[in-house]
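The structure under study is shown below.

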Amino acid sequence: MEKECVRNLNFDKLVEFCKKNNQQEFRARQISYWLWHKGVSDFESMTDLPKKFRGALEEAFYFDNIKIESTNRSKDKTTKILFSSLDNKLFEGVLIPSKDRVTACISTQSGCPLNCSFCSTGKMGFIRNLRVGEIFGQVFELNETCKKLFGRFLTNIVIMGMGEPLLNYENTLEAIKHITNENDLGFSPHRITLSTAGIAPKIKSLADDKKKFNLSISLHSADNQKRSEIMPINKKYDLETLSAAIRYFYEKTGQRITYEYILLKGINDDIKDAEKLSQFTKISPCKINLIGYNSGDSDIYLPSDGKKTEEFMTFLKSKNLIVTLRKSKGQDINAACGQLANKKQ
Ligand code: SF4
């Protein structure tokens with residue numbers, strides 16, 4: 001019989017397995033605790049289970065453990081970690097420390113199919129979706145590394161690393177469930193932000209599923225033609241479709257959305273672009289994060305200059321929008337926004 005991944009089992013399946021092996025239901029709770037609270041990577045470590053039962057688990061299941069391949073630290077202490085899966089697929093996580101917090105940025109896919117023109121990950125192409133244990137494992141490992149490097153645990157998680165999380169919907173949500181469950185990692189959903197390039201039907205699904213974490217949209221242009229050039233996914237879900245999904249999301253959840261907007265010189269940084277952005281964001285209460293562009297390997301874009309950025313920001317503020325300019329971190333180690341793409345892959 002082929003072994004199944006133990007972290008792919010839901011609780012009911014664990015109970016079923018326990019019963020089949022003449023064990024009571026509380027054993028499933030014990031296994032769950034070891035898996036999702038202690039983050040163990042083998043059955044041997046589950047010391048409160050009978051030895052024979054551990055053997056039965058060993059025979060039926062395997063662990064989708066991830067391995068740290070390398071760690072890179074930037075001058076500003078941003079730390080990029082390259083992970084590998086059992087089948088040697090690579091993906092990256094980043095620790096971003098600031099004065100009062102440490103944020104982990106995690107990946108949901110190895111590579112990405114969406115090919116946004118400013119993004120290094122997109123140029124890698126799509127390798128595969130990450131499994132529940134591989135997404136959860138990044139948070140677990142980054143939390144441990146955070147403690148070692150910064151003397152504290154993670155305060156925030158952003159799902160903005162490699163890949164489009166809403167194209168790996170089930171696994172991403174199941175991982176978040178284990179990250180936030182009180183009996184598992186117990187992380188507050190209000191400190192988690194999932195960022196999407198705008199997979200409209202799945203934004204509606206998030207609203208239907210009543211998810212409590214924050215949602216951010218990588219917008220980068222409020223003009224259909226420009227956005228389609230920067231983000232080809234806009235050809236499938238254009239701004240009108242996206243706006244309908246955001247409206248639906250807000251009506252169902254009442255949650256404020258954040259828009260990410262990378263300022264690209266001469267592409268989307270004109271006052272006319274700011275005007276369109278202010279019109280688009282009228283859909284619901286929101287916050288806008290303007291992001292300075294980071295140079296990648298094969299640059300087709302340049303960062304917007306300081307004066308343009310200032311004017312863009314002032315215009316949005318004059319429309320009573322909440323705007324912040326995000327400082328980029330970890331540029332020297334290619335860990336900044338849009339720069340995640342490992343050379344090994
Ligand atoms: S920006 Fe995000 S969605 Fe676009 S290619 Fe990069 S990883 Fe994929």
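Entry 1: The model is predicted: local features need pLDDT of at least 70, side-chain atom pairs count only at pLDDT 80 or more, and totals for chains, interfaces and linings use all residues. Residues are numbered from 1 along each chain as its sequence is written. Helices (H or I, at least four residues) are DSSP runs, numbered from the N terminus.

I then noted that H11 (residues 271–280) and H12 (residues 306–318) pack at an angle of about 30°, with axes 9 Å apart. H11 is therefore roughly parallel to H12, a term for angles under 35 degrees; over 145 is roughly antiparallel, 65 to 115 roughly perpendicular and the rest oblique. The axes are lines fitted to C-alpha atoms over the stretch in contact, and angles run from 0 to 180 degrees between N-to-C directions.

On the H11 side I listed Ile271, Ala274, Leu277 and Ser278, which meet Glu311, Phe312, Phe315 and Leu316 of H12; contact requires C-beta atoms, placed from the backbone, within 7 Å. The classes in this contact are 6 nonpolar, 1 polar and 1 charged. Nonpolar covers Ala, Val, Leu, Ile, Met, Phe, Trp, Tyr, Cys and Pro; charged covers Asp, Glu, Lys and Arg; the others, Gly among them, are polar.

**Entry 2: H5 and H6.** I read an angle of about 45° and an axis separation of 8 Å for H5 (residues 132–150) and H6 (residues 169–180). H5 is therefore oblique to H6. Their crossing is right-handed. H5 contributes Val132, Ile135, Phe136 and Val139, and H6 contributes Asn171, Thr172, Glu174, Ala175, His178 and Ile179. I recorded 6 nonpolar, 3 polar and 1 charged residues here.

**Entry 3: H7 and H10.** For H7 (residues 200–208) and H10 (residues 239–253) I found an angle of about 5°, with axes 9 Å apart. The two are therefore roughly parallel to each other. Residues of H7 in the contact include Ile203 and Leu206, and those of H10 include Leu242 and Phe249. The contact divides into 9 nonpolar, 2 polar and 3 charged residues.

**Entry 4: domains.** I noted domain 1 (4–62) and domain 2 (67–333), with bounds from an automatic or database domain assignment. Their centres, taken over C-alpha atoms, are 34 Å apart. Domain 1 gives 7 residues to the contact and domain 2 gives 9. The domain 1 side has 3 nonpolar, 3 polar and 1 charged residues.

**Entry 5: ligand.** Around the ligand I found, among others, Cys112, Cys116, Cys119, Met162 and Glu164, where a residue counts if its C-beta atom, placed from the backbone, lies within 6 Å. The shell has 6 nonpolar, 5 polar and 1 charged residues.

Definitions and conventions
Contact = placed C-beta atoms within 7 Å. Left-handed = near helix turned anticlockwise from the far one by under 90°.
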